[in-house]
Amino acid sequence: MKNRIKIERAILNITQEELAEKTNVSRQSINAVESGKYVPSTILALKIAQVFGKNVNEVFELDENDWK
Amino acid sequence: MKLKYLFPNYFKTIGMILFIPSVILGLIYLINQPEPDFLNIRVFAILYTDFLIDPSFFAITDTNAFDEIVGLVLMISLIFIAFSKEPFEDEFISRIRLESLVRATYFNYVILFLTIIFVYGHAFYWIMVINMFSILIFFIIRFNWIIYKEKKSVAT
């Protein structure tokens, strides 16, 4: 799964730490989601999208590997 | 997914405080099985067996409680250390926890398989004694190692 968290963070000018606080998870979790190492739960994905004021599929996108 | 049935974070500290004396006494027990007099007690046993006598059920017997106490305290301390919440327990930490538990279980059984094949005689009894604790120890090491690595990767 691809994500645009880094870009959206840059637009809002917030750090991983601030995004973590707003979504009530640890900074490690945001870091792991952003780097594509961890696929978040639907709830966390929705929260992240809401912080950015976007739909969830504007922030997260399936890639080919997700269909394998 | 947040895991239920975890202890509050401060149980980890309690676990560590219990762990230090119990692991020292446990190692002493591995070396020379001390039986201090004041721990000679009469106990109720659901099952009691000994060489040359028939097994007895629901019996009263005499024992030295050193190994029972040390074993129980060591187990409790390891469970507290293993299953206390992290300061920030969220879904990512829960996944690391689950993964570590699976890996620790596999690792523990690989070791056990090898010892079944390669260790014989009375030594195998001691392998079984250690095996009562090893799965939790493997889990604690693996889980904390990954948490440490994640923290470090965030810091850089």
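Student: What does the secondary structure of chain A come to, in helices and strands?

Tutor: In this predicted model, chain A comes to five helices and two strands, and from the N terminus on these elements follow the order β-α-α-α-α-α-β.

Student: Why is chain A called as compact as a globular protein of that length?

Tutor: The radius of gyration of chain A is 11 Å, and the globule rule gives 11 Å for 68 residues, so chain A is as compact as a globular protein of that length. Along the principal axes, the C-alpha atoms fill a box of roughly 35 × 20 × 20 Å, and buried residues make up 31% of the 68 residues.

Student: How are two packed helices described, and what are the values for α2(A) and α4(A)?

Tutor: The description uses the angle between the axes and the distance between the axes. For helix α2 (residues 16-23) of chain A and helix α4 (residues 42-52) of chain A, the axes come within 10 Å and cross at roughly 115°, and the crossing in which α2(A) passes α4(A) is right-handed.

Student: What share of contacts in chain A between residues at least 6 apart in sequence join residues at least 24 apart?

Tutor: Of those contacts, 53% join residues at least 24 apart.

Methods. Residues numbered from 1 in each chain as written. Chains lettered and ligands numbered in written order. Predicted model: local features only at pLDDT ≥ 70, side-chain atom pairs only at ≥ 80, totals over all residues. Axes fitted to C-alpha atoms, helices over the stretch in contact; angles between N-to-C directions. Helix = DSSP H or I, 4+ residues; strand = E, 2+ residues; numbered from the N terminus. Left-handed = near helix turned anticlockwise from the far one by under 90°. Rg over C-alpha atoms; globule rule 2.2 N^0.38 Å. Buried ≥ 20, exposed ≤ 12 C-beta atoms within 10 Å, placed from the backbone. Contact = placed C-beta atoms within 7 Å.
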